[in-house]
Amino acid sequence: MPRYAQIVLGPAGSGKSTYCSTMVRHGQAMKRSIHVVNLDPAAEYFDYPLIADIRDLIHLDDAMEDEALHFGPNGGLVFCMEYFAQNFEWLETELGDGDDDYILFDCPGQIELYTHLQVMRQFVEQLQHWNFHICGVFLMDSQFLVEGTKFFAGVMAALSTMVNLEISFVNVMTKIDLLSKKDKKNLDRFLDPDTSILLEEEPDQRRLGQRYQKLTTALAQLVDDYSLVRFMPLDRSDEDSIDEILLAIDTTLQYGEDADVRTRDIEAPEDRDDDEQAGGGGDDDE
């Protein structure tokens, strides 16, 4: 049996740990086991149980306090993730050999880990070697995405991650429940965007030089023409919203398609008709 993995990615503050917490509670309500692995060596608090925690292997403080390394927070985090990539056998031992596991991997918020460094790419390849079906879940804060230029910046970050990791993705717009009423009314413009209209309405675009306007327009047109990035809204106070996100991810993972189908013998209609006629004939004879 395959195992299933959501790799939960996104910038710092995009709501990755909150997303994991929401999915764990939703799974409990559905009587479905959803596990979480923490891959953030700088994390401090979780309100859900972990089946593995990278801090048991290496902590950010270990890298920052080492007198021979002298790392700052960013360099220390990269060092921790590279150390993790050299010790994947630790994670294999922590996960065990369970079948049909469904695991969320809560990743750090340092965006360069996904956009151009190879650590997360190596991690993806290792999970595939362990027979995991994988879906990337890229989170962006909805409060960051309800302006045109910020929206395109978020789209390009998501696209860079998708290209670097080369796996299927579901992109999620988080913290919908925190938006103002005005921003919620404008939300549909960014969930199914017309890039040309968004650019025309953006005052910063008109202040740019002609060369940069053409660059922005070309990038937006590329995303629009090939439907490369679309965001799904997640309102953690709305169970239907959570259901839709989970269904989209399960479909991408092909979750449950390998389950055994329960069958039973069913008589064909013509066989039942023959039996009834035979029984009826006996009654007439009597």
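Trainee: Why does H59 count as partly exposed?

Mentor: Its relative accessibility is 23%. Buried means under 20% relative accessible area, exposed over 50%, and partly exposed in between (1.4 Å probe, protein chains only). So H59 counts as partly exposed. A word on the source: this is a predicted model, where local features need pLDDT of at least 70, side-chain atom pairs count only at pLDDT 80 or more, and totals for chains, interfaces and linings use all residues. Residues are numbered from 1 along each chain as its sequence is written, and side-chain values use heavy atoms, leaving out hydrogens and water.

Trainee: What is H59 in contact with, leaving aside its neighbours within four places in sequence?

Mentor: P41, A43 and C80. Contact means heavy atoms within 4.5 Å.

Trainee: What makes α1 roughly perpendicular to α14?

Mentor: The axes of helix α1 (residues 16–29) and helix α14 (residues 239–253) cross at roughly 95° and come within 11 Å. Axes are lines fitted to C-alpha atoms, for helices over the stretch in contact, and angles run from 0 to 180 degrees between N-to-C directions. Angles under 35 degrees count as roughly parallel, over 145 as roughly antiparallel, 65 to 115 as roughly perpendicular and the rest as oblique. Therefore α1 is roughly perpendicular to α14. On the α1 side, the contact is made by Y19, T22, M23 and H26.

Trainee: How do you know that strand β5 is largely enclosed by the rest of the structure?

Mentor: Count the buried residues. In β5 (residues 132–141), 9 of the 10 residues are buried, so the strand is largely enclosed.

Trainee: Which residue of β5 stands opposite I7?

Mentor: G136. In β6, the bridge partner of G136 is F169.

Methods
Helices (H or I, at least four residues) and strands (E, at least two) are DSSP runs, numbered from the N terminus. Two strands pair if DSSP finds at least two bridges between them.
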